[in-house]
Amino acid sequence: MWIYKYEKKFENIDKKAIWELWSDIENWKKWNPGIKDSKLNGEFTEGSTFSLKTIDGREVTLQLIEVKKDFKFVDCTQLPGAKMYGIHEIIPEKNAVKLVTIIKIEGILTFLWRKIIGNKIVQKIPQQTENLVQLAKKN
């Protein structure tokens, strides 16, 4: 298993604004520089799937496996020999909100998927988090 965790606290940000941007999958490209297009199949609820087309042309389907409105969602990507989880949390603090993103890969081919996609994904997390917060402040 491989885990990467990124967290940062932001002051004067509304957690509901963050949640609205997270749950609006079809507009993730506005704040996530690695996404060219995205589509949610159904509602933003556990069990729903969504597809992403990356800037480099890859297409991937993910499933929402946990959704706690205004606080957390977890998505899962099935990979040959592994599963990759994206865990996204909003943690309210006094006068601030901590945003947490965890990428976890587990399975027999974890080492391979970490090298192929895991390391690339985690390099973009700080910038996409900043973009997300700036967009939330405008909304």
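## Close-up views of a predicted model

View 1. Trp28 and Phe50 make an edge-to-face aromatic pair, with 5.4 Å from centre to centre and 75 degrees between the planes. Because Trp28 belongs to the loop between α1 and β2 whereas Phe50 belongs to strand β3, the pair ties together parts of the chain that are 22 residues apart in sequence.

**View 2. Aromatic pairing within helix α1.** Across the whole structure, a search finds 8 aromatic pairs. One is formed by Trp19 and Trp22, whose ring centres are 6.3 Å apart and whose planes stand at 70 degrees, so this pair is edge-to-face. Both residues lie in helix α1, where they are 3 residues apart, or about one turn of the helix. Trp19 is buried, with a relative accessible area of 5%, and Trp22 is buried as well, with a relative accessible area of 4%. Trp19 and Trp22 belong, together with Trp28, Trp31, Phe44, Phe50 and Phe73, to one aromatic cluster.

**View 3. The largest nonpolar core.** This core has 26 residues, of which Ile18, Trp22, Trp28, Phe44, Phe50, Phe73 and Leu99 touch the most other members. At least two core residues are supplied by each of α1 (15-23), β2 (35-41), β3 (49-54), β4 (59-68), β7 (96-106) and α2 (110-138). The element that gives the most to this core is α1, with 5 residues. Apart from this core lies another, of 11 residues, which includes Tyr6, Met84, Ile105 and Trp113.

**View 4. The surroundings of Phe73.** When neighbours within four places in sequence are left aside, Phe73 is in contact with Trp19, Trp22, Trp28 and Phe44, and also with Leu64, Glu66, Val67, Gly86, Ile87 and His88. Phe73 is also one of the residues that touch the most other members of the largest nonpolar core.

**View 5. Val74 in strand β5.** Val74 has its place in strand β5 and, at 6% relative accessibility, counts as buried. Beyond its neighbours within four places in sequence, Val74 is in contact with Gln63, Leu64, Ile65 and Glu66, as well as with Tyr85, Gly86 and Ile87. Between Val74 and Gly34, which are 40 residues apart in sequence, the distance from C-alpha to C-alpha is 19 Å.

View 6. In the hairpin of β4 and β5, 3 residues lie between the strands, and Asp70 in the turn has a positive phi of about 70 degrees. Within the protein chain, confidence is highest in strand β5 (residues 72-79), with a mean pLDDT of 98.

**View 7. Helix α2, its bend and its buried residues.** At Ile117, helix α2 bends by about 45 degrees. Ile117 is itself one of the buried residues of α2, among which are also Thr110, Trp113, Gly118, Val122, Ile125, Gln128 and Thr129, together with Leu132, Val133, Leu135 and Ala136. The buried residues of this helix pack against β1 (2-11), α1, β5, β6 (82-93) and β7. Confidence in the protein chain is lowest in α2, where the mean is 95, while the mean pLDDT of the protein chain is 96 and 100% of its residues reach 70 or more.

**View 8. Glu106 in strand β7.** Glu106, found in strand β7, is partly exposed, with a relative accessible area of 29%. Apart from its neighbours within four places in sequence, Glu106 is in contact with Met1, Ala82, Lys83 and Tyr85. Lys69 is 37 residues from Glu106 along the chain, and the C-alpha atoms of these two residues are separated by 26 Å.

Definitions and conventions:
Residues are numbered from 1 along each chain as its sequence is written. This is a predicted model: local features need pLDDT of at least 70, side-chain atom pairs count only at pLDDT 80 or more; totals for chains, interfaces and linings use all residues. Side-chain values use heavy atoms; hydrogens and water are left out. A nonpolar core is a set of buried Ala, Val, Leu, Ile, Met, Phe, Trp, Tyr and Cys residues joined through side-chain atoms within 4.5 Å. Buried means under 20% relative accessible area, exposed over 50%, partly exposed in between (1.4 Å probe, protein chains only). Helices (H or I, at least four residues) and strands (E, at least two) are DSSP runs, numbered from the N terminus. Contact means heavy atoms within 4.5 Å. pLDDT is the predictor's confidence in each residue, from 0 to 100. Two strands pair if DSSP finds at least two bridges between them. The bend at a residue is the angle between axes fitted to the seven residues ending there and the seven starting there. Rings of Phe, Tyr and Trp (its six-membered ring) pair if their centres lie within 6.5 Å; planes under 30 degrees apart count as stacked, over 60 as edge-to-face and the rest as tilted.
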